[in-house]
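Good morning, and thank you for the time. I would like to take you through some features of one structure; please look at the sequence and the model as they come up.

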Amino acid sequence: MRNLKLLKSLRSSELQGPGSAQCLSVRADTGSLLVSSQFAITEFDPRTGQVVSEASLTADGFLPEDGSGVVVGLQDLAELQSACLATAGGDVVLFNLNTYQLECVGSVDSGLTSMSWSPDEELVILTTGQETIIMMTKDFEPITEVSIHQDDFGEGKFITVGWGKKETQFHGSEGKQAAQRKIQEVQPAAAWDDRRPRVTWRGDGQLFAVSAVCPQTGARTVRVWNREGVLQATSEPISGLEQALCWKPSGSLIASTQRHPNKHSVVFMEKNGLLHGDFTLPFSKDQAKVKDLLWNSDSTVLAVWLEDMTPGEDGQVNTYIQLWTVRNYHWYLKQSLDYGQDPQKAPVCVCWDPECPLRLHVVTRSWTSLTYDWGWTTERSPGLDDSDNASVAVIDGDKILVTTFRQCVVPPPMCSFELQLKSPVNQVTFLCRPQRTTQLAALTADGQISVYSQGWLSTVHLQVAVQDDPLALRQLLWLEDDLFVGVGSGLLPNSSTLLMLRPAQDASDMLTVRSAMEVDGVVVSMVQCSQTSTVALQLEDGQIRKLLWDCPEPSVETWRDSSGCSINFPVPCVHMALCSISREEHLLGLTDRSHLYAGDTELASNVSSFAVCNDFLLITTLSHTCRCLHLSSLTVKGLQVALASDGGQNDETLRRVERGSQIVTVVPQDTRVILQMPRGNLETVHHRALVLAQLRQWLDDLRFREAFECMRKLRINLNLIYDHNPKVFLENIKTFITQLNSINYINLFLTELREEDTTSSMYPHPQSSLVQPLPVSAQKKVDVVCDALRSAMESMDPNKFCLSILTAHVKKTVPELDIALQKVHELRESPPTAPGAVSAEEALKYLLFLVNVNDLYEHSLGTYDFDLVLMVAEKSQKDPKEYLPFLKMLKSLEPNYQHYTIDKHLKRYRKALHHLSKCGKEHFPEALKLVKEQNLYSEALHLYTANSAEYKALSCAYAEHLIQQQQAEQAGLLLWRCGEPISALQAFASSSSWRNAICVAQQIPLPPDHLALLARDLAGKLTEQRRYSEAALLLDQYAKSCQNRE
């Protein structure tokens, strides 16, 4: 969706001479022009306007002195430091560019009609007056000579296997009548055709094509030859084929023109001579003739040189040069140069520059040299708010194709709407005023400015002081409703004039030059910031100037930074944009070598395109990535570092894109970035950095609905709604519920809750952002959010938010399935009467969607409500034979034993023991078994009184368990408390707890001799444990003996 924009035009009238120019060539090493006429050959430098060298062609007799001579070919030979020219008289002459001497290197008696060198300058093709082709080396040694007109098709002749007849073959949409249709006779060449052969080479120099008038039919035929002079193919008979011929440098197609009964077209042929595509010129059948077709060096632009066939009232004809490009199989007319009816201003020589693909050289009949430099640009609306439609304007002849990407993405060549004008458009500009950036103005080839605003189109006439040449006004900017600024040629070749255009005072539709400022240097680009109204200029050497236009006396000054130092680009940039970096205005520039600069600082060296929108810099790189950086949070140095880094795993500024993608536009205050692929199709991406920045803004503004829908559509984790600012979310949770106003949305939010903090893992904040601290709470995040939402919904409308309330119970870290099932049971017992309320069946069906059916069945059993259990079981896929007998058995049991059985089935052993303890003494053995199996000793002791037999039995069992666990002392205490001193004494003795053992022994009581024996045994164990002092004390007090300490 690019347009051609004129960067600069150079006009020079210093090139003068007798006669008129006939051939033109460009020296690739110096950029100077070689121009030949019927009298001389001249080397001319258009940048300085000086004649470098000149040699007469009549002095040595190469051309007649009466001016009737014709130069049929001219070519610069860089390796030989010479220029080769061929005359119609048959001479091939070398002009030495160092000595300025002429040398005849060969002559053909029959004369020459054309000369064409191969792209590698190794071979030259000469066509003679005898309709032959002479192929020679660069040293002018003949290789071969063949006739142009061959009866054979060539080596690439098509093979026919002879299957079927024409009458029986399939003819597609033409129908069966195509089989009986007679072949139409080929019409002879047009009367204005000069009958001269045309020769064109393929870009790799392996093939060349020759267009010549066939002697038998009088029509032009194209033949393709290889580098050895062997015929490869002959074109099919093409009625109305004209003289223009040019092979696309990329090698795919040969361009020519064809006149149809109802239209005039540029047609394309393959190397086998078959037609392959065409486009129609914007002229009627007999309105204009095509003098020549010229491809530029990178095959992106096709120049069509035309001339009217019918003279005007003054007997003169108009001359045009049109520049065409192709995208998505559609040909666009991007520039139209109308040279008027003055024969002195009509071009006589046109050629593209071999080194600069978008530079066109023109020499007029009056020896005026014109050099045009174009650049690719995307005309996008400069707005920064919601009122801007993100419009992009594409020039297509006398139409402007406008696409408003805020509303829809329309793939080219289609568009949102078309603006039809009266003449071809050369420039488009949008109004640089806030809230009004949807208005655009177009400068047409006839010198008019057409203004489009809010659905209506008006036209005002452009009046410039002197309109000698086409495209006299370039770099048009629309600053205010009544103010345009443009660039015109200066008084000197290396200067420019800034023209401030305002409506005339007489209230007519005329724009007049109110002020003109001479700029020392050629202005090649001009850009304005719609936010600050700053206008910046760039000169051809990279210098930057600032235009002070909103003052009584407009002026131009040097661009300076905040410290007062002048800032310039190190090299000229083809794309520019103004932006604010760390609250300081900077000018960004992108060179044709993919270097991105911020003033004189290089930011990156692999940038293919960039755009600035809402404090974000978006770039696409040659490594097929798209970066999005927040300018207000970075310095120039920070930008360098960010663009040099590869980005981490969760780097929101980086994303991969398709190879060759370039930015078309960015929708302001939105998340969409429009990219165009090399083949022309569009893709819309939502860059993560733009998405997160927009989401954070919406969440700060409490616009939960917009944030939620964006996150849902772009698959952003919904936890960010809470994690962005937990305190604000909890304080405005009712606002969140009210804005969403959707049960499904709330349920979706609840089901995506995770304990993870997405602001530190998935979506980390930019380094300069203030991260909101999480609230200090003992509760988990999921539980906090679920409880807060449930409480708010229950207070607002429990019937409406019934399903969401159930979700809040179920999605807690420990699911509250019992409470959820109880609410379902309450709905079954007392159905709500409010309109739109949820029934118990719907609620249960929803719970089954959230929870595994087996888990829900088990939890329903835990409620001991058999009606609820049956209701759950009926909604599940369970076989009734599986659960009905079990439920029937449970119903037949005593309530406490029934609860025990259910809890044991559900492995809720503590609750099972609690219910079993209420079932009576007859079930105590079963309880004791359960206690032993599940180690529920502590819980069981609390269920029985301390003096009961059950308590004693449990204590003994517990003591045995403790002894097995090597906790004999604890077992002894337990046995002592339950009245088993003998067992307690054994436990204390085994654990060397001598004090407890002596106390129990005295309580029994033991006889003195037994007590002394016990003391000696305990002392022995203590001695083994090296507890000597305790052993001595024990023996002294209870055994009445003393042992030496060892």
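Across the whole of this predicted model, a search returns 21 aromatic pairs. One of them is formed by Phe-208 and Trp-225, whose rings are stacked, with 6.4 Å from centre to centre and 5° between the planes. This pair links distant parts of the chain: Phe-208 belongs to strand E15, residues 207-213, while Trp-225 belongs to strand E16, residues 220-226, and the two are 17 residues apart. Both Phe-208 and Trp-225 are buried.

Which residues lie over the face of a ring? Lys-334 is placed over Tyr-332, at 4.6 Å from the ring centre. Arg-2 is placed over the face of Trp-376, and there the distance to the ring centre is 4.3 Å.

I turn now to strand E41, residues 523-528. Six of its six residues are buried, so E41 is largely enclosed by the rest of the structure. Its partner is strand E42, residues 535-539, with which E41 pairs in the antiparallel sense over five bridges. Within this pairing, Gln-528 stands opposite Val-535 of E42. The two strands form a hairpin with six residues between them, and Ser-533 in the turn has a positive phi of about 65°.

Finally, the domains. The assignment for the protein chain includes domain 1, at 12-107 + 348-372, and domain 3, at 573-685. Taken over C-alpha atoms, the centres of domain 1 and domain 3 are separated by 45 Å.

Conventions. Residues numbered from 1 in each chain as written. Predicted model: local features only at pLDDT ≥ 70, side-chain atom pairs only at ≥ 80, totals over all residues. Heavy atoms only, no water. Domains from an automatic or database assignment. Phe/Tyr/Trp six-rings, centres within 6.5 Å; stacked < 30°, edge-to-face > 60°. Helix = DSSP H or I, 4+ residues; strand = E, 2+ residues; numbered from the N terminus. Buried < 20%, exposed > 50% of the residue type's maximum accessible area, 1.4 Å probe, protein only. Lys NZ or Arg CZ within 6 Å of the ring centre and 35° of its normal. Pairing = 2+ DSSP bridges.
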